[in-house]
Amino acid sequence: MTFSSCLCLPSLPLKPIGSWRNVGVDQRLTCAHKSLNSELFGQQVAGIGTGLRRNWNFLGGSRVITRPQVETFIRRQKASGIQASWIASSQIASTAFTLGTAAVLPFYTLMVCAPNAELTKKTMQSSIPYIVLGLLYGYLLFLSWTPDTLRLMFASKYWLPELSGMAKMFSSEMTLASAWIHLMAVDLFAARQVFQDGIKNQIETRHSVSFCLLFCPIGIITHFITKALTKSTGHG
């Protein structure tokens, strides 16, 4: 005897349980994503909330796992702050370098082109240029000073400067700019001394003053040689 039975069930569309909540989850996900990418205190927040993973199963529906990348955001923020500080320091050093160089050129121009003019004599008697350059140098020295400055300056066990330490210290643009302003002030002072000595003793100083602009020791030496030759020629 053959027993057969036929079990017929109506075909029902299968929908995952909890799928009715997908719309709300998607809306919350969209809102959260927009809020995480919105501006925070006027700055665009990037990197937070970008690590999202969405899991779905038949019974539980959709589930969103948010992994905020806070550490990445902090690292980016610190890096941007350091970069902005470096750019500001580089701009200050470059501007001071240019201004210091341009500030001394008019005085050299007067001493070389019009050494006997009254304007030149009165201008070179003023102390204002050296005060201005001294203040600028002090400002750059303050900006370039670090806890390791003294250690690099007196790296020897006898508290004497060493070439390696000085080279490392002058690798900073701010320190290099301060040293340049220091040279400009000292060179201009030496050029003024040469110029005034030439006016007093009626000695040609234009070549010596020109050397003082870039090669100050050479300018001083040429002035002494010129002075000696002038005296010997006068006596002859």
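Student: Among contacts in the chain between residues at least 6 apart in sequence, what percentage join residues at least 24 apart?
Tutor: This is a predicted model, in which local features need pLDDT of at least 70 and side-chain atom pairs count only at pLDDT 80 or more, while totals for chains, interfaces and linings use all residues. Residues are numbered from 1 along each chain as its sequence is written, and side-chain values use heavy atoms, with hydrogens and water left out. Contact means heavy atoms within 4.5 Å, and among contacts between residues at least 6 apart in sequence, the part joining residues at least 24 apart is 56%.

Student: Which residues is Gln-125 in contact with, leaving aside its neighbours within four places in sequence?
Tutor: Helices (H or I, at least four residues) and strands (E, at least two) are DSSP runs numbered from the N terminus, and Gln-125 lies in the loop between helices α3 (118-124) and α4 (128-144). Although Gln-125 and Arg-192 are 67 residues apart in sequence, their C-alpha atoms are 8.4 Å apart in space. Beyond its neighbours within four places, Gln-125 is in contact with Arg-192 and Gln-196.

Student: Is Gln-202, which has a positive phi of about 55 degrees, buried or exposed?
Tutor: Most residues other than glycine have a negative phi. Gln-202, found in the loop between α7 (173-201) and α8, is not a glycine and yet has a positive value. Buried means under 20% relative accessible area, exposed over 50% and partly exposed in between (1.4 Å probe, protein chains only). With a relative accessible area of 71%, Gln-202 is exposed.

Student: Where on helix α8 do its buried residues fall?
Tutor: Helix α8 covers residues 206-214, and its buried residues are Ser-208, Val-209 and Cys-212. When α8 is seen down its axis, these buried residues fall within an arc of 100 degrees (taken from the directions from the helix axis to the C-beta atoms). They therefore line one face of the helix.
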